[in-house]
Number of protein chains: 2
Amino acid sequence: MEEELLKEEDLGQWRRTHYSKEVGPAMADREVVIMGWVSSVRDHGNISFIIIKDMHGEVQVTAKKSEVGEQLFALAKEVKEHTSLGVRGKVRPQEKAPNGAEVVPAEIKAFSVAKKAAPFMTTGKSSPVGIDTRLDLRAVDLRRQQLGSIFRIRQTVVNAIREFLSRQDFAEVSTPKMIATATEGGAALFPIFYYDREAFLAQSPQLYKEQLTMAFESVFEIGPIFRAEPSRTNRHLSEATSVDVERAFADYGDVMALLERMIIHIIDSVKDRNKADLEFLEIAMPALELPFPKYSYSDLIDKLQEAGERIQWGDDISPQVMKSLQDERLNGFYFIVDWPTSTKPFYVKPRADDPKVCESFDLMYGPLEMSSGSTRINRKNQLIERMQKQGLKPDAFDYHLRVFDFGVPPHAGFGMGLERLLMALAKIENIRDATFYPRDIDRLAP
Amino acid sequence: MEEELLKEEDLGQWRRTHYSKEVGPAMADREVVIMGWVSSVRDHGNISFIIIKDMHGEVQVTAKKSEVGEQLFALAKEVKEHTSLGVRGKVRPQEKAPNGAEVVPAEIKAFSVAKKAAPFMTTGKSSPVGIDTRLDLRAVDLRRQQLGSIFRIRQTVVNAIREFLSRQDFAEVSTPKMIATATEGGAALFPIFYYDREAFLAQSPQLYKEQLTMAFESVFEIGPIFRAEPSRTNRHLSEATSVDVERAFADYGDVMALLERMIIHIIDSVKDRNKADLEFLEIAMPALELPFPKYSYSDLIDKLQEAGERIQWGDDISPQVMKSLQDERLNGFYFIVDWPTSTKPFYVKPRADDPKVCESFDLMYGPLEMSSGSTRINRKNQLIERMQKQGLKPDAFDYHLRVFDFGVPPHAGFGMGLERLLMALAKIENIRDATFYPRDIDRLAP
């Protein structure tokens with residue numbers, strides 16, 4: 001067996017001088033040091049093309065035997081896909097290469113040589129292998145172009161949310177993820193051993209964000225939530241990212257208006273900052289008009305009954321059932337408002353004029369629920385009454401209820417699933433591809 | 001008993017028209033609706049002053065019996081501290097009031113009346129009551145001026161970190177908090193029931209952020225970490241916020257340079273955006289010069305031995321022991337570099353020229369550890385070797401090790417405790433006051 005020429009070396013004093021996007025015809029004859037991983041290699045006998053990918057794009061390294069010498073040429077021929085390396089060389093204009101230029105190598109330094117062939121290609125808009133094969137090797141999977149585009153869109157969405165809420169004077173908060181009491185009843189919680197006690201992972205920052213309106217008025221949190229979701233679907237995760245928003249001196253109408261403007265800002269930001277990604281994924285952002293359509297729950301039930309559906313007031317409305325309405329506007333974003341009080345958690349405020357429905361909304365995108373929000377109850381006696389009606393023990397909420405003796409302002413808010421929104425916007429089939437390392441009933445690793 | 005005039009009412013159609021900061025002499029004779037909570041009341045017989053606090057400051061409401069009529073005056077007299085309310089009225093210049101103007105009320109609407117007196121004042125730079133009394137009523141405690149300033153500084157610090165890292169092309173990531181395997185050995189982990197299996201809460205995003213350099217090169221995360229810290233101290237939390245940074249094609253020298261520039265940007269931002277808070281807290285940001293002083297671990301041990309300390313190479317260096325060096329520079333930020341390899345986790349890279357020390361650093365601020373970082377090992381065989389030396393089973397890390405077959409780039413990074421940094425900058429005595437709802441061995445609520 002021949003001795004391998006491509007040895008693994010330390011970074012040492014080598015440093016990148018340029019990113020791929022900077023290597024163009026204008027840089028002709030300049031020396032550059034580029035670094036990245038090998039996204040493809042093509043061997044044409046006496047000439048070898050190595051495509052190196054870095055965070056900004058791709059650059060072609062062209063090793064011609066007659067040009068780079070026998071030793072470097074032999075070494076270049078050993079380079080395999082996924083290898084991490086650095087190349088020192090001169091830029092030369094080349095129409096057929098990315099950005100119209102290539103690098104003629106003077107030195108190649110392999111930092112970490114790929115030992116295996118990956119079970120999937122990194123190019124293309126989809127992968128022929130199953131999602132579990134990809135997830136088992138997620139860090140490598142994330143090198144795929146498709147996921148690169150999705151996660152750049154995710155970054156834009158998160159940044160756009162922060163920008164929008166900060167401009168509206170919202171304070172960003174962090175609420176505890178280890179909690180003593182189940183917020184909304186207790187189903188689907190992950191229990192923890194908290195020193196010598198039992199505790200739970202927070203399903204939402206609900207009660208904390210409500211309390212924080214006392215001091216900060218308008219608060220938001222973008223953080224993990226945990227649900228011991230027992231089902232295996234394409235739209236549920238056991239650990240998800242929740243965008244939680246709460247505002248003092250506001251009701252559900254105000255926060256619906258806030259939420260729809262936030263969605264518009266998100267979509268405008270993606271259109272503006274992710275042009276190449278949208279083009280690559282061949283998707284367009286939905287065209288939107290304000291305000292979003294609003295359907296009251298009771299009206300929807302009437303309409304569904306008229307359309308022949310066997311549905312009763314008080315039932316949940318399933319996406320399947322909605323189809324029978326044949327309303328085009330139900331393909332985009334819309335609100336369902338004024339849900340039956342009995343279907344919503346204890347902290348949701350019943351309407352004063354009709355207490356069997358409450359000041360609540362769900363934001364839908366087609367059949368997918370994106371967000372849920374409401375006006376909250378801000379008085380202790382009313383909260384206790386609602387807890388009791390829902391079979392909860394007020395004693396277990398002592399630490400929450402006690403702050404209601406000190407002037408909790410009227411407030412309203414919503415929670416939105418970041419991965420759900422991303423699914424809708426980037427047309428992602430499986431919610432697992434909207435997060436870095438998904439968790440579900442079957443998957444706890446990597 | 002007299003009937004109470006101050007009834008609790010819903011928000012209804014009332015909306016705030018102005019914030020406190022907008023109510024000044026320039027607004028004379030204009031009608032405003034302000035909303036907030038009552039931070040103090042003064043009753044002078046036929047005149048009553050109510051100070052209302054909102055997210056931007058304070059405004060004085062002046063109810064003179066002869067001016068507002070008997071009924072409204074009687075109602076104003078019933079207003080108590082912490083009550084949440086709205087006031088409609090006219091602005092009148094008043095030199096002695098905040099912003100040089102007061103509001104003469106035409107209508108007062110109480111949204112939620114305080115039922116009790118709080119066990120602490122909301123004004124002043126410190127509180128005479130113990131921290132547990134405050135934490136038991138944390139949402140009310142957070143209305144205190146001191147904490148208002150601290151949390152505005154916290155917001156600046158978080159924003160400054162995001163700005164700085166985004167400008168350096170870092171991608172913001174989210175890594176799972178529920179994990180199958182202990183990252184750094186296994187002590188001090190919180191176990192979870194994960195469906196039918198055992199799992200743990202992540203102590204750090206370490207292995208995930210390292211993996212993510214494969215696809216994204218430069219990544220950061222600001223998120224919760226969980227440590228089942230058994231001790232009761234003023235500088236440990238069971239749930240803290242970690243700023244985790246990892247960069248490909250970089251070594252520990254590069255990320256130390258990054259970290260110190262980040263600290264400078266944070267401090268400049270606080271000086272610029274929190275002038276009033278720094279003034280109120282009577283603190284100054286430290287004056288800094290780049291680069292921060294660097295002490296090698298081995299040199300420090302030599303110096304400490306010369307100074308008469310009984311310390312051996314390989315021991316940890318305690319803040320107490322450092323005092324004997326009487327080096328002024330040890331009061332500010334400084335690095336301790338090149339720690340013994342045996343004292344650092346398996347993923348830290350030993351120095352090639354002297355493998356008994358490793359490419360590692362701690363960033364200190366006086367006696368407090370702020371951050372810890374290193375060059376990481378980027379090759380599988382070396383990682384396995386280090387795991388075995390530290391008594392870890394490589395099999396348990398299969399999901400991590402397998403990605404090292406696909407060209408993991410050389411990389412380096414650090415983790416920084418956000419609350420620790422805030423303690424140092426805002427001169428906070430107890431780390432619990434650097435977070436919204438602290439968690440420790442004794443406290444799981446609120």
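Over all chains, the structure holds 35 aromatic pairs. Rings of Phe, Tyr and Trp (its six-membered ring) count as a pair if their centres lie within 6.5 Å, with planes under 30 degrees apart called stacked, over 60 edge-to-face and the rest tilted. Take Phe216(A) and Phe436(B): their ring centres are 5.8 Å apart and their planes stand at 75°, so this pair is edge-to-face. Phe216(A) belongs to helix α6 (residues 206–216) of chain A, while Phe436(B) belongs to the segment after α13 of chain B, so the pair joins two chains. Helices (H or I, at least four residues) and strands (E, at least two) are DSSP runs, numbered from the N terminus.

This is a predicted model, in which local features need pLDDT of at least 70 and side-chain atom pairs count only at pLDDT 80 or more, while totals for chains, interfaces and linings use all residues. Residues are numbered from 1 along each chain as its sequence is written, chains are lettered from A and ligands numbered from 1 in the order in which they are written, and side-chain values use heavy atoms, with hydrogens and water left out.

Now to the sheets. Strands of a sheet pair through backbone hydrogen bonds, either parallel or antiparallel. Here two strands count as paired if DSSP finds at least two bridges between them. Chain A has an open sheet of 8 strands with mixed pairing, in the order β6-β10-β11-β18-β17-β16-β13-β12. Its edge strands are β6 (171–172) and β12 (294–296) of chain A, each of which pairs on one side only. β6(A) runs parallel to strand β10 (residues 218–226) of chain A, and 2 bridges join them. Ala171(A) has Val219(A) as its bridge partner in β10(A).

Chain B also has an open sheet of 8 strands with mixed pairing, and the order is β6-β10-β11-β16-β15-β14-β13-β12. At the edges stand β6 (171–172) and β12 of chain B, each with a single partner strand, so one side of each has no neighbour in the sheet. Further in, strand β11 (residues 239–248) and strand β16 (residues 411–417) of chain B pair in the antiparallel sense over 7 bridges. Arg247(B) stands opposite Ala412(B) in β16(B).

Helices lie across this sheet. Helix α5(B) lies across β6, β10 (218–226), β11 and β16 of chain B, and runs at about 150° to β10(B). Helix α7 (residues 252–273) of chain B lies across β11, β12, β13 (333–337), β14 (360–365), β15 (368–375) and β16 of chain B, at about 35° to β16(B). Axes are lines fitted to C-alpha atoms, for helices over the stretch in contact, and angles run from 0 to 180 degrees between N-to-C directions. Contact means heavy atoms within 4.5 Å.

How do helices meet each other? Two packed helices are described by the angle between their axes and the distance between the axes. In chain B, the axes of helix α5 (residues 145–167) and helix α13 (residues 418–425) come within 11 Å and cross at roughly 120°. α5(B) and α13(B) are therefore oblique to each other (angles under 35 degrees count as roughly parallel, over 145 as roughly antiparallel, 65 to 115 as roughly perpendicular and the rest as oblique). Their crossing is right-handed, where a crossing is left-handed if the near helix is turned anticlockwise from the far one by less than a right angle, and right-handed if clockwise. Residues of α5(B) including Ile150(B), Ile153(B) and Arg154(B) meet residues of α13(B) including Leu418(B) and Glu419(B). By class, this contact has 9 nonpolar, no polar and 2 charged residues (Ala, Val, Leu, Ile, Met, Phe, Trp, Tyr, Cys and Pro count as nonpolar, Asp, Glu, Lys and Arg as charged, and the others, Gly among them, as polar).

In chain A, the axes of helix α5 (residues 145–167) and helix α7 (residues 252–273) come within 9 Å and cross at roughly 135°. That makes α5(A) oblique to α7(A).

The last stop is the backbone. Most residues other than glycine have a negative phi, and most peptide bonds are trans. Tyr195(B) is not a glycine, yet has a positive phi of about 50°. Tyr195(B) sits in the hairpin of β8(B) and β9(B), which has 2 residues between the strands. These strands run antiparallel and are joined by 4 bridges. A cis peptide bond joins Leu290(A) and Pro291(A), with omega about -10°. The bond from Leu290(B) to Pro291(B) is cis, with omega near -10°.
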